[in-house]
Amino acid sequence: MITSALPASREGRRPTRSSDDSITAWALAARRGDADAVERLVRALHRDVQRYVAHLCADPQAVDDLAQDTFLRALGSLHRFEGRCSARAWLLSIARRAVVDSFRHAATRPRLSDVHDWLPAAERAQSPHAPGFDDGVALLDLLTALPAERREAFVPTQLLELPYAEVAVLSGCPVGTVRSRVARARATLLNLLTEADPAAGV
């Protein structure tokens with residue numbers, strides 16, 4: 001049975017088991033052609049998908065396009081979703097593939113700028129709620145210094161606050177491996193911060 005209200009865990013709180021069950025039920029109903037369930041599914045997971053792709057990709061301007069691409073891919077492959085994992089984990093795995101595909105596509109094409117002075121344009125394009133341009137670059141540098149498997153464990157668990165079990169499904173490895181990768185990522189980031197600013201380690 002599909003519940004009639006959206007889960008109340010979307011604004012910064014950890015998803016609950018009941019909200020994941022409802023979202024998964026909506027995905028299964030959407031698979032059977034329920035248009036209302038499709039709308040509920042998209043509304044329930046849109047913010048999670050945006051946050052996830054924002055932390056995986058280095059281009060804030062691409063977040064909306066990647067989120068839209070994720071949902072288009074998901075809706076196109078709903079007939080294959082059988083509920084073996086939560087709909088959230090399934091959708092975030094699609095988002096991850098969308099980001100990887102966008103990196104591959106971007107790597108094959110040179111990026112041109114029609115703006116003479118790109119730095120002020122980039123700063124104006126950034127959300128006022130995001131870190132400053134320099135802070136954002138520093139954060140991306142730190143995260144990209146992590147090995148890929150540690151970054152893929154650290155970002156969703158520590159920045160997006162997704163449960164370790166879901167991240168394990170996303171990455172196709174045991175929960176213990178995810179915990180180990182997060183611990184190693186923390187140690188690496190702490191070392192990098194200490195090297196950059198010795199006072200930070202005190």
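Reader: Where is His-46 found?

Author: His-46 is found in helix 2. Helices here are DSSP runs of H or I with at least four residues, strands are runs of E with at least two, and both are numbered from the N terminus. This is a predicted model, where local features need pLDDT of at least 70, side-chain atom pairs count only at pLDDT 80 or more, and totals for chains, interfaces and linings use all residues. Residues are numbered from 1 along each chain as its sequence is written, and side-chain values use heavy atoms, with hydrogens and water left out.

Reader: Why is His-46 called partly exposed?

Author: Its relative accessible area is 31%. Buried means under 20%, exposed means over 50%, and partly exposed is in between (1.4 Å probe, protein chains only). His-46 therefore counts as partly exposed.

Reader: Why are helix 2 and helix 3 called oblique to each other?

Author: The axes of helix 2 (residues 35-56) and helix 3 (residues 63-76) cross at roughly 135 degrees and come within 9 Å. Axes are lines fitted to C-alpha atoms, for helices over the stretch in contact, and angles run from 0 to 180 degrees between N-to-C directions. Under 35 degrees is roughly parallel, over 145 roughly antiparallel, 65 to 115 roughly perpendicular, and the rest oblique. Helix 2 and helix 3 are therefore oblique.

Reader: Which residues make that contact?

Author: Contact means heavy atoms within 4.5 Å. Helix 2 brings Val-38, Val-42, Leu-45, His-46, Val-49, Gln-50, Val-53 and Ala-54. Helix 3 brings Val-63, Asp-64, Leu-66, Ala-67, Thr-70, Phe-71 and Leu-75. The contact of helix 2 with helix 3 divides into 11 nonpolar, 3 polar and 1 charged. Ala, Val, Leu, Ile, Met, Phe, Trp, Tyr, Cys and Pro count as nonpolar, Asp, Glu, Lys and Arg as charged, and the others, Gly among them, as polar.

Reader: How do you know that Glu-166 is buried?

Author: Glu-166 has 8% relative accessibility, so it counts as buried. Its place is in helix 8 (residues 164-171). Leaving aside neighbours within four places in sequence, Glu-166 is in contact with Asp-20, Ser-86, Arg-88 and Ala-89.

Reader: What makes Phe-154 buried?

Author: Its relative accessibility is 11%, so Phe-154 counts as buried. Phe-154 is found in helix 7 (residues 148-159). Not counting residues up to four places away in sequence, Phe-154 touches Leu-143, Leu-159, Val-182, Ala-185, Arg-186 and Leu-189.

Reader: Why does Ala-29 count as buried?

Author: Ala-29 is at 3% relative accessibility, and therefore counts as buried. Ala-29 lies in helix 1 (residues 17-31). The C-alpha atoms of Ala-29 and Leu-78 are separated by 9.8 Å, with the residues 49 apart along the chain.

Reader: What makes Phe-81 and Trp-90 an aromatic pair, and what kind?

Author: Their centres are 4.8 Å apart and their planes 40 degrees apart. Rings of Phe, Tyr and Trp (its six-membered ring) pair if their centres lie within 6.5 Å; planes under 30 degrees apart are stacked, over 60 edge-to-face, and the rest tilted. Phe-81 and Trp-90 form a tilted pair. A search of the whole structure finds 1 aromatic pair. Phe-81 and Trp-90 are both buried.

Reader: How many helices and strands does the chain have?

Author: The chain comes to 9 helices and 0 strands. Of its 202 residues, 34% count as buried.
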